[in-house]
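Me: I have a structure open and have not looked at it before. Can you take me through some of it?

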Amino acid sequence: MFHRILSLFFVLNCCTSSLLSQVHAYIQSTVFYQDENPYVELFYIMSIDEASQSSHIALQILVKQNNEYVKALKYNFNTQQSKKHHPILHIERIILPIGSYEIESVFNHSNSIETEHRLLNPVEIKPKNASINISEIQLCSTLKNTLDSTYKYQKNGIQYEPQLFNTYEPQDRLMQFYYETYSNQEQKESLIHHYIIEKIDTLLHRTKVIDWYKKKEIKRYNPVIITQDISNLPSGNYILRIELLKMDKSMVTKTEIGFIRINPFWDRFVDVYYEETASRRFFETLPNDTAQYMLKAIKPNVPSTDMPILNYLKKNGNIAEIKLYLYDFFRKASNDASSPSKYFEYLNTALAVDTRFNSGFGKGFETDRGVIYMRYGNPSEIIPVDQDNGAFPYEIW
């Protein structure tokens, strides 16, 4: 919860609530333009506690400017009747003139003032001040093309749902986002779309960690979807910024949004990740199948405290994470003397044990004898026992 509270400091286009009321709500607000008409898109995700006897949610949307209400909307929703109250999704698009607004969302599930609570979203509608403009950024958990024009949560043939709390959990390896660009007229020229991810420290200083470019033609209206791998980002607060540049790299316009990354694996290895050593580069160049093989082979000698990491790598880890862990494992095993030398020594042992104890049901070093051999080395004495009544043949090491 600390990360999510912290995210509200940086992320101004979302709001969430889990107050004493039995209604839980999340709102994502994004400003877009349709022709010359700016509008705010509100994406609501609402749910009711399972213990609640009611399946009803009343929603009032009140738009306030200069302490005066300029628009009011009211809706009533019912969750599906089942053992669980399924979340309710709702999109509201409100056309608003240029200016600053507060959008107040009032939730109630029992028509009682005691269960009523409110969320406020500040919204700034800015004028188009150039021949080329850009919308705000919409972070999405689901973002894909669709031919179903009747699907409510889509626009321009793109189906989407918001990234809750603008927060990326450890299992969220991809960042997906949507934005739009606008031009006064069709042009044969192109623009460079520059994407920058910056990490923010406690003093709000920014450090660029990722950037990339895409070249796109200038169109009157251009919806854009982007997917970026963020699996290597350690935990922290970040800014995603999009800059539109001319071909001479001069700035046209820009927009940005904050997000939170939670990534315990990379938090541990962030220091060694940036090491520029020959050993580090050696492990980066390992063949992928060899790295997968060695991840299994080192299991007998992995500290018990690292077993959750090893299980994570086997089930969900990408190849860069596996190679990073192998580097750290052999760096410690060799006391930084020669990680590659220790690696080849271990690999030769693993191959020999694999051949010697191969059972056809996995690697030889995964058998009982293989695990003991990998952990303690070649036994000084082996006593075979094959005449123990009631037992299969076995060995005493």
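This is a predicted model: local features need pLDDT of at least 70, side-chain atom pairs count only at pLDDT 80 or more; totals for chains, interfaces and linings use all residues.

Me: Let's start with E92. Where does E92 lie?

Reply: E92 lies in strand β6, which covers residues 88-95.

Me: Is E92 buried or exposed?

Reply: E92 is buried: its relative accessible area is 10%, and the cut-off for buried is under 20%.

Me: Which side chain does E92 join through a polar contact of 2.6 Å?

Reply: That is the side chain of Y75. The E92 side chain also makes a polar contact with the side chain of H90, at 3.0 Å.

Me: And what is E92 in contact with, leaving aside neighbours within four places in sequence?

Reply: V40, E41, L42, I61, L73 and Y75.

Me: New topic, sheets. In what order do the four strands of the open sheet come?

Reply: The order is β5-β4-β7-β8, with antiparallel pairing. At the edges are β5 (68-78) and β8 (117-125), each of which pairs on one side only. From one strand to the next the twist averages 20 degrees.

Me: What holds paired strands together in general?

Reply: Strands of a sheet pair through backbone hydrogen bonds, in a parallel or antiparallel sense.

Me: Over how many bridges do β7 and β8 pair?

Reply: Nine, in the antiparallel sense; β7 is residues 99-108. I103 stands opposite N121 in β8.

Me: Now the rings. How many aromatic pairs does a search of the whole structure find?

Reply: The search finds 31. One of them is F265 with F269: the ring centres are 4.9 Å apart and the planes are at 50 degrees, so the pair is tilted.

Me: Why are F265 and F269 separated by about one helical turn?

Reply: Because they are four residues apart in helix α2, residues 264-273. F265 counts as buried at 7% relative accessibility, and F269 counts as buried at 0%.

Me: What sort of pair do F329 and F330 form?

Reply: An edge-to-face pair, 5.0 Å centre to centre with 90 degrees between the planes. F329 is buried, with a relative accessible area of 12%, and F330 is buried at 0% relative accessibility.

Me: Which residues form one aromatic cluster with them?

Reply: The cluster consists of F282, F283, Y327, F329, F330, Y343, F344 and Y346.

Me: Last one. Which residue lies over the face of Y213?

Reply: K249, at 5.5 Å from the ring centre.

How values were computed
Residues are numbered from 1 along each chain as its sequence is written. Side-chain values use heavy atoms; hydrogens and water are left out. Helices (H or I, at least four residues) and strands (E, at least two) are DSSP runs, numbered from the N terminus. Buried means under 20% relative accessible area, exposed over 50%, partly exposed in between (1.4 Å probe, protein chains only). A polar contact is a pair of N or O atoms within 3.5 Å; within protein, one must be able to donate a hydrogen and the other to accept it, and residues adjacent in sequence count only if both atoms are side-chain atoms. Contact means heavy atoms within 4.5 Å. Two strands pair if DSSP finds at least two bridges between them. Axes are lines fitted to C-alpha atoms, for helices over the stretch in contact, and angles run from 0 to 180 degrees between N-to-C directions. Rings of Phe, Tyr and Trp (its six-membered ring) pair if their centres lie within 6.5 Å; planes under 30 degrees apart count as stacked, over 60 as edge-to-face and the rest as tilted. A charge sits over a ring if NZ of Lys or CZ of Arg is within 6 Å of the ring centre and within 35 degrees of the ring normal.
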